[in-house]
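Thanks for coming. I have one model to go through, and I will keep to what can be read from its coordinates.

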Amino acid sequence: MSIADELSTSMKSLLDATYVAGGGGGGGQGLLNYISGAAGSFENLFYGATFPSGYNAYIDTPKAPASLVSMFRVTTGLEKLTFLVPTDKVYNASYFMFGSTTAGQKSTIKEIHLPDGIKFSKFDRFVSNCESLRSIYGKIDLSQSTTNDICFMSCPALVDVEFVKGSITQSLYLKQSSQLSDASIASILEGLSLDATGQTLTLHSSVAARIDEREVTDRGWTLVY
């Protein structure tokens, strides 16, 4: 039986149809070892997991549970994650890939691939302390999020991130992300909801210098840097 088949079998009690695979370093055993103890939930599923160095994980499930809380919190070794779930469900992704600040235990994630239009009910500390994270692909819909608190704290390498237009209704924090691309900045600005009140957009000073503050204030938001 292939590793992909073993992984699917290990998830059978959790999901009716799941494909999970991985590669790099240890050749796939990292996911298998942790998924086998899933116990019917994605919460804390890979909390503290040590993946083989440079690990790439691919997860495709049509029946993901609504709570993704701490799913990949303080993991190491994982470099790329493709996470495909239905976009007609709203997910609690608090601490989804919240990284450790302890030397030798810091997050190694560089890329996260999400489906376009993925919706979140909570987005707080989503990828905070992921110092190597460069790209999040897939438009993020925050129209139903009740909190985005320090969702991108200590993500200094972040370049690529994209939001559904007008979907950001709660304050957004990107204070340490000085490398944001022009396309990412444009998407953030277009993502600010015109119906939000009393919300702040916190940017790195070098990013704030690249925009006209009126692009934020004219939408009823306050720019902080």
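I will take a sheet, a helix, the nonpolar core and some salt bridges, in that order.

First, the ground rules. This is a predicted model, so local features need pLDDT of at least 70 and side-chain atom pairs count only at pLDDT 80 or more, while totals for chains, interfaces and linings use all residues. Residues are numbered from 1 along each chain as its sequence is written, and side-chain values use heavy atoms, with hydrogens and water left out.

Now the sheet. Helices (H or I, at least four residues) and strands (E, at least two) are DSSP runs, numbered from the N terminus. Two strands pair if DSSP finds at least two bridges between them. There is an open sheet of three strands in the order E4-E6-E8, with parallel pairing. Strand E4 (90-92) and strand E8 (140-141) are at the edges with a single partner strand each, so one side of each has no neighbour in the sheet. Strand E6 (residues 118-122) is joined to E8 by two bridges, and Ile 118 has Ile 140 as its bridge partner in E8.

Next, helix H3, residues 182-191. Which of its residues are buried? Buried means under 20% relative accessible area, exposed over 50%, and partly exposed in between, with a 1.4 Å probe and protein chains only. The buried ones are Ser 184, Ile 185, Ser 187, Ile 188, Leu 189 and Gly 191. They pack against strand E9 (172-174), strand E10 (200-203), helix H4 (205-208) and helix H5 (214-217).

On to the core. A nonpolar core is a set of buried Ala, Val, Leu, Ile, Met, Phe, Trp, Tyr and Cys residues joined through side-chain atoms within 4.5 Å. The largest one has 56 residues, and Ile 136, Phe 152 and Leu 201 touch the most other members. Strand E2 (50-60) gives the most to this core, with four residues. Contact means heavy atoms within 4.5 Å; leaving aside neighbours within four places in sequence, Phe 152 has contacts including Phe 123, Ile 136, Leu 158 and Leu 174.

Last, salt bridges: a side-chain nitrogen of Lys or Arg within 4 Å of a carboxyl oxygen of Asp or Glu. The count is six. Asp 124, Arg 125 and Asp 149 form a network. Arg 125 meets Asp 124 at 3.8 Å, N to O, and Asp 149 at 3.1 Å between the closest N and O atoms. Asp 149 lies in the loop between E8 and E9 and Arg 125 in the loop between E6 and strand E7 (135-137), so this pair ties together parts 24 residues apart in sequence. Asp 124 is buried at 10% relative accessible area, whereas Asp 149 is partly exposed at 37%.
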